[in-house]
Amino acid sequence: MSPIDRRRFLSLAAAGIAAPQLFVAESFGSANAGRWRDAVIVNALGGLENPNPPGSKTADQPVSTDERIVREAHASGLTAVNVTLGYVAGDMEPFEFTVRDIAEMDALIRRNSKDFINVYTAADILRAKSEGRIGIIYGFQNAAMTGSDAKRVDVFANLGVRVIQLTYNPANRLGDGSMAPENRGLTPFGHEVIERLNANRIMVDLSHSGENTCLDAARASKQPISINHTGCRALNDLPRNKTDEELKLVASKGGFIGIYFMPFLSASGHAVAEDVVAHIDHAVGVCGEDHVGIGTDGSVTAIDDLEAYKTVLAQEVAARRKAGVSAAGERPDTLPFVVDLRGVNQFYDLAERLRARGYPAARVEKILGRNFIRYATDVWGA
């Protein structure tokens, strides 16, 4: 996603290619959705936005007035989602922009309190499930808004932020992102920030980080860490995917791995549902079944006009390349979603596909959300 047009993409602004979903009238898991109605589903990185291009019948409406976004989020079975707030890339001043963005999201949740609830602890996710609401987890996809002052982490903690990703694709003051060619490790300032994150019980997210930054940060953190949206480099050798060494180290420290629904899962750039299942299966083999979940990097609201969206996507990719924030494998012709794992049934579809792979129901429920809750309990508290 471009860092240019952030208003239209409420929660994933500037955070990466948007991962909108096309409407599917009938899908693999829709007939069996009832089997998973009681499951806790946590998207470790996703969004609540309407991805339709400007001028379409539902575009440019805020969540507070777009009933479709809310309706489809509920229909998907989503319990809680980590949404991206604040600065990721662009010309805006990172700290000021981030504080203002948090305030806007606070107001939005207050206006829609019958549907949304802030998540501060693991118990809040379970409360969202019991009350039929959707838990909103405040997260960052870049720590650049800390400037040169690690104590700003305290400010963000007090504003309700519960996940902070250290870097985006380029390098920053903390370390190198996945697209920084030097692949340097964590900087001294990065160590300071991790200390403050640990002190405030904020999740340290290593998505988008370079390999050495990821390994250094995983070793430096005194609390479990996460890679909330990624794939497995052993299956597709792209910088946005993580090596087995990174996955294993994060899991060994009690952490969490979220597999995304993105084109980076396939060498063709056109990922399908079986690619998602394969990456989950590989991660389970490397990390164990208690450490793997989902972080789709997308929404559940449908695109109504795919051809119009392709034009917008080409513009978004061009803008990201110009800004120096795009990732290898990101092209105008690689649609940023999984073609047969999309729309409001995507989580139920995945559950059924994992069952077809031979996963018992209890393991499927761990992947859908229970593993994230276990990790959140360790970091945030019950």
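These legends accompany close-up views of helix packing in a predicted model.

**View 1. Helix α10 meets helix α11.**
Here we look at α10 (residues 346-356) beside α11 (residues 361-380), whose axes come within 10 Å and cross at roughly 145 degrees. The crossing of these two helices is right-handed. On the α10 side, look for Phe-347, Ala-351, Leu-354 and Arg-355; their partners on α11 are Ala-361, Val-364, Ile-367 and Leu-368. By class, this contact has 7 nonpolar residues, no polar ones and 1 charged.

**View 2. The buried face of helix α3.**
Which residues of α3 (residues 122-131) are buried? They are Ala-122, Asp-124, Ile-125 and Ala-128. Seen down the axis of α3, these buried residues fall within an arc of 165 degrees, so they line one face of the helix. The cover over them includes the strands β2 (42-46), β3 (80-84), β4 (116-118) and β5 (134-140), and helix α11 from View 1 is also part of what covers them. While you are here, follow the chain just past the end of α3: Gly-132 takes a positive phi of about 70 degrees.

**View 3. Helices α6 and α7 side by side.**
The axes of α6 (residues 211-220) and α7 (residues 244-252) come within 10 Å and cross at roughly 15 degrees. With angles under 35 degrees counted as roughly parallel, α6 is therefore roughly parallel to α7. Their crossing is left-handed.

**View 4. Helix α7 against helix α8.**
We stay with α7 and turn to its contact with α8 (residues 273-287). The two axes come within 9 Å and cross at roughly 60 degrees, and the pair is therefore oblique. The crossing of α7 and α8 is right-handed. Asp-244, Leu-247, Lys-248 and Ala-251 make the contact from α7, while His-282, Val-286 and Cys-287 make it from α8. How many residues of each class does the contact of α7 with α8 have? It has 4 nonpolar, 1 polar and 2 charged residues.

Notes:
Residues are numbered from 1 along each chain as its sequence is written. This is a predicted model: local features need pLDDT of at least 70, side-chain atom pairs count only at pLDDT 80 or more; totals for chains, interfaces and linings use all residues. Side-chain values use heavy atoms; hydrogens and water are left out. Axes are lines fitted to C-alpha atoms, for helices over the stretch in contact, and angles run from 0 to 180 degrees between N-to-C directions. Helices (H or I, at least four residues) and strands (E, at least two) are DSSP runs, numbered from the N terminus. A crossing is left-handed if the near helix is turned anticlockwise from the far one by less than a right angle, and right-handed if clockwise. Contact means heavy atoms within 4.5 Å. Ala, Val, Leu, Ile, Met, Phe, Trp, Tyr, Cys and Pro count as nonpolar, Asp, Glu, Lys and Arg as charged, and the others, Gly among them, as polar. Buried means under 20% relative accessible area, exposed over 50%, partly exposed in between (1.4 Å probe, protein chains only). The arc is that of the directions from the helix axis to the C-beta atoms. Angles under 35 degrees count as roughly parallel, over 145 as roughly antiparallel, 65 to 115 as roughly perpendicular and the rest as oblique.
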